[in-house]
Amino acid sequence: MATFRLQGSKVLAVSMAGDAVKAKNGSMVAYDGQMAFKKMSGGGEGLRGMVTRRLTGEQMEVMEVRGQGTCWFADRASEINLVSLHGDKLWVEASNLLCTDAGLRTGTTFTGLRGGATGNGLFTTTVEGTGQAAIMSDGPAVVLRVTPQYPLQVDPGAYIAHQGNLQQHFQSGVTFRTLMGEGGGEAFQIRFEGDGLVYVQPSERNTIGGDI
């Protein structure tokens with residue numbers, strides 16, 4: 001299995017000994033040793049994943065990198081966070097997924113109204129299995145714990161990913177920006193309930209969630 005490590009907070013180094021990883025297309029910044037690069041069709045599992053992504057708008061251009069040596073990845077100076085999976089599943093916005101072990105299964109899943117955060121439909125990218133994944137954030141990511149006693153409300157523009165046994169609901173509510181008169185309409189939030197982790201970023205992407 002490939003070895004993931006961070007060099008600083010914005011560059012991912014992946015050491016491979018005949019292994020392979022799947023990475024965001026065009027994210028390779030350097031490598032040593034012998035590497036082969038192959039563009040993959042869509043980010044999901046085969047034709048079904050590709051068709052699902054075209055229908056849902058959940059875009060993820062992916063390349064496979066295989067070889068002997070070390071490959072370095074980065075994307076627009078984004079902060080990088082490593083997530084270890086042990087037979088469980090990670091839900092992540094496609095634009096925030098940088099790299100995964102090739103053995104991890106990627107696909108697209110229906111997540112209800114939460115997917116409306118990106119304006120790309122009601123779907124999100126899933127990563128499942130045992131291995132490591134690297135996700136990106138605009139600014140240092142914060143990992144928030146959700147327990148049955150303490151549900152969590154998240155701004156759709158700040159959401160990156162989540163894992164664990166969580167249920168999510170897209171709900172309306174008054175936010176700070178609405179109170180300050182900066183909202184253009186009714187504000188929306190994602191409510192997470194259950195037991196798991198939610199990754200958020202300190203910078204908000206443009207979404208339809210705040211002004212529906």
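Keep in mind from the start that the model is predicted. Its average pLDDT is 82, and 73% of the residues score at least 70. Two stretches call for caution. Over residues 46–58 the pLDDT stays under 50, and the model gives this stretch 26 contacts beyond four places in sequence. The score also stays under 50 over residues 113–121, where the model has 27 such contacts. Where pLDDT is low, the predicted coordinates should not be read in detail.

The largest nonpolar core has 17 residues, and the members that touch the most others are L12, V14, V21, F73 and C99. Where do the residues of this core come from? Strand 2 gives the largest share, with 5 residues. In soluble globular proteins, nonpolar side chains tend to be buried together.

If you skip its neighbours within four places in sequence, V14 is in contact with A2, T3, F4, V21, G69, T70, C71, F73 and C99. Among these partners, V21, F73 and C99 are also listed with V14 as core residues that touch the most other members.

Next come the aromatic rings, which form 2 pairs in the structure. One of them brings together Y159 and F192, whose rings are stacked, with 5.9 Å from centre to centre and 20 degrees between the planes. This pair links distant parts of the chain: Y159 belongs to strand 11 (residues 159–172) and F192 to strand 12 (residues 188–200), 33 residues apart. Are the two partners buried or exposed? Y159 counts as buried because its relative accessibility is 0%. F192 is buried as well, with a relative accessible area of 0%.

Side chains of opposite charge can pair when their charged atoms come close. In one of these bridges, the side chains of E64 and K38 meet at 3.9 Å, N to O. Here E64 sits in strand 4 (residues 62–73) and K38 in strand 3 (residues 28–40), so the bridge joins distant parts of the chain, 26 residues apart. At 16% relative accessibility, E64 counts as buried.

A further bridge pairs E128 with R105 at 3.8 Å, N to O. It too links distant parts of the chain, with E128 in strand 8 (residues 123–137) and R105 in strand 7 (residues 105–110), 23 residues apart. Both partners are partly exposed: E128 has a relative accessible area of 27%, and R105 has a relative accessibility of 42%.

E193 and R191 form another salt bridge, at 2.6 Å from N to O. Finally, salt bridges that share partners join K24, D75 and R76 into one network.

Definitions and conventions. Residues are numbered from 1 along each chain as its sequence is written. This is a predicted model: local features need pLDDT of at least 70, side-chain atom pairs count only at pLDDT 80 or more; totals for chains, interfaces and linings use all residues. Side-chain values use heavy atoms; hydrogens and water are left out. Rings of Phe, Tyr and Trp (its six-membered ring) pair if their centres lie within 6.5 Å; planes under 30 degrees apart count as stacked, over 60 as edge-to-face and the rest as tilted. Helices (H or I, at least four residues) and strands (E, at least two) are DSSP runs, numbered from the N terminus. Buried means under 20% relative accessible area, exposed over 50%, partly exposed in between (1.4 Å probe, protein chains only). A salt bridge is a side-chain nitrogen of Lys or Arg within 4 Å of a carboxyl oxygen of Asp or Glu. pLDDT is the predictor's confidence in each residue, from 0 to 100. Contact means heavy atoms within 4.5 Å. A nonpolar core is a set of buried Ala, Val, Leu, Ile, Met, Phe, Trp, Tyr and Cys residues joined through side-chain atoms within 4.5 Å.
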